[in-house]
Amino acid sequence: MTPGPGVPFGPEEELALLEHLARSIADFVLVTDLEGRLTWVNDAVLERSGWTRDELLGRPWQLFLAPSNPPGLAERMARETRAGGFRGDVLNATRSGEEFWVALRTSVLRRDGRPHRFVSISREIGERKRAEDELTAARDAAEAASRAKTEFLANI
């Protein structure tokens with residue numbers, strides 16, 4: 001029997017729906033065990049990273065971090081995730097080494113009140129980063145022009 005309007009899904013239907021949603025969304029979804037090894041990734045991760053699911057599962061999540069991130073970032077992310085969650089912009093890298101910006105959020109998945117797995121959800125933000133860089137450059141140019149004008153007027 002198909003549920004009618006307002007009739008909730010059964011547990012198996014809800015689980016199937018949630019899995020379908022997680023696999024289908026454009027955001028990147030990763031699940032790791034407590035040691036940081038990948039146990040599940042959605043299709044968006046595979047499409048953007050160039051890795052296959054078989055190549056990723058069991059590998060450490062840090063393989064996605066671009067080498068140009070600040071030193072100590074991986075340790076900070078792991079520490080904050082274990083403490084409840086990390087939020088920040090991070091440079092990821094594809095299998096071929098292409099770097100791209102993501103806005104990342106991590107959280108702890110609990111079972112019986114104890115940490116069981118870690119979940120990370122990220123979204124590519126290259127366009128936003130480019131716009132931020134352009135605004136920063138425009139602000140810096142305006143400030144430099146203002147300083148030059150002030151110095152010019154002071155010299156006259």
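In what sense do β4 and β5 pair, and over how many bridges? The two strands run antiparallel, with ten bridges between them.

This is a predicted model, so to speak of local features a pLDDT of at least 70 is needed, side-chain atom pairs count only at pLDDT 80 or more, and totals for chains, interfaces and linings use all residues. Residues are numbered from 1 along each chain as its sequence is written, and side-chain values use heavy atoms, with hydrogens and water left out.

On confidence (pLDDT, the predictor's score for each residue, from 0 to 100), the protein has a mean of 89, and 96% of its residues reach 70 or more. Strand β3 has the highest mean of the elements at 97, while helix α5 has the lowest at 78. Helices (H or I, at least four residues) and strands (E, at least two) are DSSP runs, numbered from the N terminus.

Back to the strands, which pair if DSSP finds at least two bridges between them. β3 and β4 are antiparallel too, joined by seven bridges, and N92 has F100 in β4 as its bridge partner. Over in β5, V119 stands opposite S107.

| Hairpin | Residues between strands | Turn residue | Positive phi |
|---|---|---|---|
| β3 and β4 | five residues | G97 | about 100° |
| β4 and β5 | two residues | D112 | about 55° |

D112 isn't a glycine, despite that positive phi. It is exposed (over 50% relative accessible area, 1.4 Å probe, protein chains only), at 77%.

R111 sits in strand β4, and its side chain makes a 3.4 Å polar contact with the side chain of H116. A polar contact is a pair of N or O atoms within 3.5 Å; within protein, one must be able to donate a hydrogen and the other to accept it, and residues adjacent in sequence count only if both atoms are side-chain atoms.

Notes: Buried means under 20% relative accessible area, exposed over 50%, partly exposed in between (1.4 Å probe, protein chains only).
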